[in-house]
Amino acid sequence: MSGDEVLLDGANLTIEQVLAVAYGQPGNPAVRLTPVARERVTRAAQAVQDLLARGVVAYGITTGFGAFKDRVIASEQVEQLQYNILVSHAVGVGPVFDLPTTRAIMLIRANTLARGHSGVRPETLERLIDMLNYGIHPRIPSKGSLGASGDLAPLAHMALPMLGLGEVEWHGEVMPATVVLQRLGWQPLHLAAKEGLALTNGTAVMCALGVIETARAELLSATADIAGCLSLEALHGTPAAFDPRLHELRPFPRQIECAAHLRDLLAGSEFVRTNDPRHVQDAYTLRCIPQVHGAVRDAIAYARWVFSIELNAVTDNPLIFVDDDGSVEVISGGNFHGEPLAIALDYLGLAVAELGNIAERRLMRLTDEASNTHVLPAFLTHDGGLNSGFMIVQYTAAALATENKVLAHPASVDSIPTSANVEDHVSMGLTAGLKLRSILDNVAQILALELFAAAQGIDFRRQALGAAARLGRGTGPVYELIRQHIPFIAEDTLLHPYIITMSELVAKGKIVAAAQQGR
């Protein structure tokens, strides 16, 4: 990023830049094509025209698509072919993507085309970039992609407005794309050879989901560490199992990092248990936080690695190679296949589901007086029986954790042949991404419920320890933040508004920010 700009050259886009554009305002940061990228794009587009002039048969340029790969198209019908691919492929269904995801899709596709191997003209690529900068957001249905040949249906919906087709959201209103083009004085594009295929054939949708959800997983991973520590303090647990000497003997780097983070969060706490020969170790959900949360960190790191590569990959087909001497070669391959992304998305979903599983079990211990050896009252309430307290809070967490067990079943192990069995193995990468998004939604809620209950438990512990008792360096500010928005629940009352508030604190990163301020 240069100042308030994101410069696209097809090779240097970062996850942070994608997030800045996805969640930023149109034009802030502004997206620009670098001069070098423009030169490469121009050269590849000219190469396509040269192939047409010489009558070379090339897939998707002078042939049909998929099972029609052997149907040669007359030169005078080449532009009609590119128009046809968009209108015939725009068959997505389901809810449309939110604006941040839509903006990420557009940016990633533009960056792929900027690499100069796809054969689109600069003016076509610039139109996609202009739509981003002007906040013209295509309405992209979220379902219909098999993850090979890329995300055909959703990307066709993304590209329709460039031709004055389909619907867009502009300045908060949904309207036909042609209306926006007329208001801006833009002419609908007429696609040249290869352009319709280049716009639709690639992994930009599942990649956008992967980038956004990986970043969200990083936030929830940090939140889970905090929630686990606050629960440990509420349950009078011991940090002995986080001793660095123990973790050096099983040297998974992110397990070691997690244990260090937990020690930092709990530093100075007077709520933890020390040197009690009658109670030397805690249940697994407290004792094994570094091992479980550390393994989740590994999955997140893997996903970040995969999507950092994919952001700057050329994923359409066929690809145009222009040598220094001007010779042109068109190579058909399978870079559109989403398998690397699908596996990463499934792996991340499975891992994050485990964050929810262990958090729900900690919440159970907070509410079950037998499990917490009567450190806390049953269901975190006075006058149990008259008051149900947090009984059903744990039910909700259990329901979400159970739903995640269904969602965590991998999509990438499934495949269904399409296009008359020519496209006979697909990745189901977008399905994996949509499942991951749902899992993360559920885990965010589970962690919010755990934090809600843990703060209640801390207040009961204060009654025994005294009001001056100190929480950990990281957990103390988090508890204070919670109490700024949510009171101690002295008797049964409507909890749902507090759950919404707690969920917002988690989703907006305020829990993590509070813990960092205290360290």
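This is a predicted model: local features need pLDDT of at least 70, side-chain atom pairs count only at pLDDT 80 or more; totals for chains, interfaces and linings use all residues.

Reader: Which residues is Asn133 in contact with?

Author: Leaving aside neighbours within four places in sequence, Asn133 is in contact with Pro26, Gly27, Pro29, Ala30, Val31 and Arg32. Asn133 itself sits in helix H5, residues 122-134. Helices here are DSSP runs of H or I with at least four residues, strands are runs of E with at least two, and both are numbered from the N terminus. The chain has 19 helices and 9 strands.

Reader: Why is Asn133 called buried?

Author: Buried means under 20% relative accessible area, exposed means over 50%, and partly exposed lies in between (1.4 Å probe, protein chains only). Asn133 has a relative accessible area of 13%, so Asn133 is buried.

Reader: And what makes Asn201 count as buried?

Author: The relative accessibility of Asn201 is 3%, and therefore Asn201 counts as buried. Asn201 is in the loop between helix H8 (195-200) and H9. Apart from neighbours within four places in sequence, the contacts of Asn201 include Arg109, Ser149, Leu152 and Phe336.

Reader: What makes helix H6 mostly covered?

Author: Count the residues of H6 (residues 152-159): 8 of its 8 are buried. Among them are Leu152, Pro154, His157 and Met158. For the chain, 56% of the 519 residues count as buried.

Reader: What makes a set of residues a nonpolar core?

Author: The set must be buried Ala, Val, Leu, Ile, Met, Phe, Trp, Tyr and Cys residues, joined through side-chain atoms within 4.5 Å. The largest such core has 149 residues, and Leu8, Met502 and Ile511 have the most contacts inside it. Helix H9 (residues 204-234) gives the most to this core, with 19 residues. Another core lies apart from it, with 9 residues, including Ala47 and Ile320.

Reader: Which residues does Met502 touch?

Author: Not counting residues up to four places away in sequence, Met502 touches Ala448, Leu451, Phe452, Ile482, Ile486 and Ile511.

Reader: Why is H16 called roughly perpendicular to H18?

Author: Axes are lines fitted to C-alpha atoms, for helices over the stretch in contact, and angles run from 0 to 180 degrees between N-to-C directions. The axes of H16 (residues 429-465) and H18 (residues 496-507) come within 9 Å and cross at roughly 115 degrees. Under 35 degrees counts as roughly parallel, over 145 as roughly antiparallel, 65 to 115 as roughly perpendicular and the rest as oblique. That is why H16 is roughly perpendicular to H18.

Reader: How do the contact residues of H16 and H18 divide?

Author: They divide into 9 nonpolar, 2 polar and no charged. Here Ala, Val, Leu, Ile, Met, Phe, Trp, Tyr, Cys and Pro count as nonpolar, Asp, Glu, Lys and Arg as charged, and the others, Gly among them, as polar.

Reader: How do you know that H16 is roughly perpendicular to H17?

Author: The axes of H16 and H17 (residues 475-485) come within 10 Å and cross at roughly 100 degrees. So H16 is roughly perpendicular to H17 too. The residues of this contact divide into 6 nonpolar, 1 polar and 3 charged.

Definitions and conventions. Residues are numbered from 1 along each chain as its sequence is written. Side-chain values use heavy atoms; hydrogens and water are left out. Contact means heavy atoms within 4.5 Å.
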